[in-house]
Amino acid sequence: MIYLRANTYLVYIYMNTSEEDTYVVPTSLVMRRTICFYCSREFVADLHVLDYNYGIRHCELHRAAAHRDINAFLHLSGYVWLRDACTNEILNAMCNYLTMSVSIIRSNGDISNGWQIYNGTNIEHKYIRRINGSWSMPMLHTSGITKNVPLDSFRLPQVQTANFAVLNSTFYELLEKSLHILEKGLYESAREQQRDKLLATTQETAGVVSVMTTSGQHTRVLL
Ligand SMILES: [Zn+2]
């Protein structure tokens, strides 16, 4: 069975390739070399996260690794894609209630009606985010304004009263379960899979350096 032996040898080589023992952190894709961030071979796609210029560039072989590392990044950063939330039965049922027009409490304490879960195309607003310890839902007002609304603010008596006609006891049960799920983390397993791996540094393009702007933000420029 020479064929099988040869195959086993190839698997052995593959398993011992160092690039399989590494993980990547999403980074700016602007002015970045057009190669896979894991193995430097030809890339097939960019996986974007938070912004269209930010993410992981990968080859076909590292497509799954890129997905794992994007999810681990989201886990550590306190973000959950709305599309991933929809794959969870409880979160999806809770989100469905918020597709109706509901009332929220504004930062100044006023109750404002005419809000629903964000359904636009801007990638920045497609995440449930943990902001100052509160999981917040991206929501859109009929006027076009967007706002990250803390989910726990729906528990407030004045908000419950304002939503009396649209949100029932089932919603509030789903809300408590959803907050528990978000706190535990949807992407915990992706982060676990990274634990025995080493962080790979993304190769910098020749002539490009990282600098800090006067406003304190890191950016990359071509010299
Ligand atoms: Zn690769």
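Predicted model: local features only at pLDDT ≥ 70, side-chain atom pairs only at ≥ 80, totals over all residues.
1. Zinc donors. The zinc ion is held by four protein donors: the SG atoms of Cys-36, Cys-39 and Cys-59, together with ND1 of His-62. These atoms lie 2.1 to 2.3 Å from the ion. Along the sequence, the donor residues follow the spacing C-x2-C-x19-C-x2-H.

2. Zinc geometry and surroundings. The angles among the four donor atoms run from 98 to 114 degrees, and the site is tetrahedral.

3. Asp-69. This residue belongs to helix α2, which spans residues 63-77. Asp-69 counts as buried because its relative accessibility is 1%, the cut-off being under 20%. The side chain of Asp-69 makes a polar contact of 2.8 Å with that of Arg-68. Leaving aside residues up to four places away in sequence, Asp-69 touches Tyr-23, Val-24, Pro-26, Tyr-38, Ile-56 and Gln-194.

4. The β6–β7 hairpin. Strands β6 (residues 102-105) and β7 (residues 111-117) are antiparallel and pair over three bridges. Ile-105 faces Ile-111 of β7 across this pairing. Five residues separate the two strands of the hairpin, and Gly-109 in the turn has a positive phi of about 95 degrees.

5. The β7–β9 pairing. Strand β7 is also joined by three bridges to strand β9 (residues 134-141), again in the antiparallel sense. Here Trp-115 stands opposite His-141 in β9.

How values were computed. Residues numbered from 1 in each chain as written. Heavy atoms only, no water. Donors = N, O, S within 2.8 Å, 3.2 Å for Na, K, Ca; no water. Tetrahedral: all angles 85-135°; square planar, octahedral: opposite > 155°, others 65-115°. Helix = DSSP H or I, 4+ residues; strand = E, 2+ residues; numbered from the N terminus. Buried < 20%, exposed > 50% of the residue type's maximum accessible area, 1.4 Å probe, protein only. Polar contact = N/O pair within 3.5 Å; in protein donor to acceptor, adjacent residues only side chain to side chain. Contact = heavy atoms within 4.5 Å. Pairing = 2+ DSSP bridges.
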